[in-house]
Amino acid sequence: MSSVFYLNPPEQAVVLCCDEKSQIQALQRSQPGLPLGKGHIRTQTHDYYRNGTVTLFAALDYLEGKVIAHTAQKHTHRQWLEFLKQIDREIPLSQRIHIILDNYSTHKHPVVKRWLARHPRFELHFTPTGSSWMNLVERFFRDLSQQAILPGSFGSVRQLVDAIMQYLAQHNLNPKRYVWKAKGEEILAKIERAWKVALGEDKDVTII
């Protein structure tokens with residue numbers, strides 16, 4: 001279902017790719033690293049101290065590339081509902097909201113369902129189990145990790161959150177959308193080949 005919105009986004013609506021990036025660790029390197037310079041590469045110690053974790057809730061606007069985000073210490077249905085309420089506040093009331101997300105249990109909690117029933121402009125579209133690659137916010141999470149989290153050294157969760165929010169602010173100043181370039185038939189062919197390897201070359205596999 002999510003691929004339909006990527007290929008043919010609805011009018012008068014916003015398509016948000018949503019997920020939680022949980023247990024982001026505030027790692028503090030045991031010694032300061034050396035920056036990239038003439039004649040030597042950037043260095044970073046392999047050992048570190050753990051200073052707590054945080055969860056990032058993110059909603060990537062598929063067409064505009066902007067990200068709505070919220071951080072929390074936990075990632076239960078309560079925090080997910082608070083994030084939905086934030087989305088509701090930030091998206092104009094004239095637009096319907098289509099959310100692409102996975103089947104995590106907190107997304108389907110009875111309290112969340114009751115809230116959604118009272119806010120019919122929200123429509124949830126769940127990706128198949130084991131298909132996180134279909135949610136483009138995962139691509140944004142990779143960029144965030146590579147550019148802001150992994151290179152850093154954070155003495156506290158507060159420092160980690162500040163670094164994440166600074167990265168998000170810079171991203172939203174000049175957002176660029178992630179364009180889905182892979183062809184459906186090529187993806188299905190790769191899946192079929194993988195299943196044949198797993199089941200044995202002599203067995204036929206049909207992808208429906």
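Student: Which residues form one aromatic cluster?
Tutor: Keep in mind that this is a predicted model, in which local features need pLDDT of at least 70 and side-chain atom pairs count only at pLDDT 80 or more, while totals for chains, interfaces and linings use all residues. Residues are numbered from 1 along each chain as its sequence is written, and side-chain values use heavy atoms, with hydrogens and water left out. The members of the cluster are F57, W80 and F83.

Student: How many aromatic pairs does the structure hold?
Tutor: Rings of Phe, Tyr and Trp (its six-membered ring) pair if their centres lie within 6.5 Å; planes under 30 degrees apart count as stacked, over 60 as edge-to-face and the rest as tilted. By that rule, the number of aromatic pairs in the structure is five.

Student: Are W80 and F83 stacked or tilted?
Tutor: The ring centres of W80 and F83 are 6.2 Å apart. Their planes meet at 45°, so this pair is tilted.

Student: Which helix holds both W80 and F83?
Tutor: Helices (H or I, at least four residues) and strands (E, at least two) are DSSP runs, numbered from the N terminus. W80 and F83 are three residues apart, about one turn of the helix. Both sit within residues 77-90, which is helix α2.

Student: Is W80 buried or exposed, and what about F83?
Tutor: Under 20% relative accessible area is buried, over 50% is exposed and in between is partly exposed (1.4 Å probe, protein chains only). The relative accessible area of W80 is 0%, and F83 has a relative accessibility of 0%. W80 is therefore buried, and F83 likewise counts as buried.

Student: How many residues apart are F140 and Y167 in the chain?
Tutor: F140 and Y167 make a tilted aromatic pair, 6.2 Å from centre to centre with 45° between the planes. F140 is buried at a relative accessible area of 0%, and Y167 counts as buried at 15%. The pair joins distant parts of the chain, with F140 in helix α4 (residues 137-149) and Y167 in helix α5 (residues 157-173), and the separation is 27 residues.

Student: Which ring has the charged end of R177 sitting over it?
Tutor: A charge sits over a ring if NZ of Lys or CZ of Arg is within 6 Å of the ring centre and within 35 degrees of the ring normal. K108 lies over the face of F126, 4.6 Å from the ring centre. For R177, the distance to the ring centre is 4.7 Å, and the ring belongs to Y62.

Student: Which residues does L81 contact, leaving aside its neighbours within four places in sequence?
Tutor: L81 lies in helix α2 and is buried, with a relative accessible area of 10%. L81 and W115 are 34 residues apart in sequence, yet 8.1 Å apart in space, C-alpha to C-alpha. Contact means heavy atoms within 4.5 Å, and the partners of L81 are V111, V112 and W115.

Student: How far apart in space are K113 and L81, C-alpha to C-alpha?
Tutor: K113 is in helix α3 (residues 110-117) and counts as exposed at 52% relative accessibility. In sequence, K113 and L81 are 32 residues apart. In space, their C-alpha to C-alpha distance is 9.6 Å.

Student: What pattern does the protein follow along the sequence?
Tutor: The secondary structure comes to six helices and five strands. Read along the sequence, these give α-β-β-β-α-β-α-β-α-α-α.

Student: What share of the 208 residues counts as buried?
Tutor: Among contacts with a separation of 6 or more, 69% are between residues 24 or more positions apart. Of the 208 residues, the buried share is 39%.
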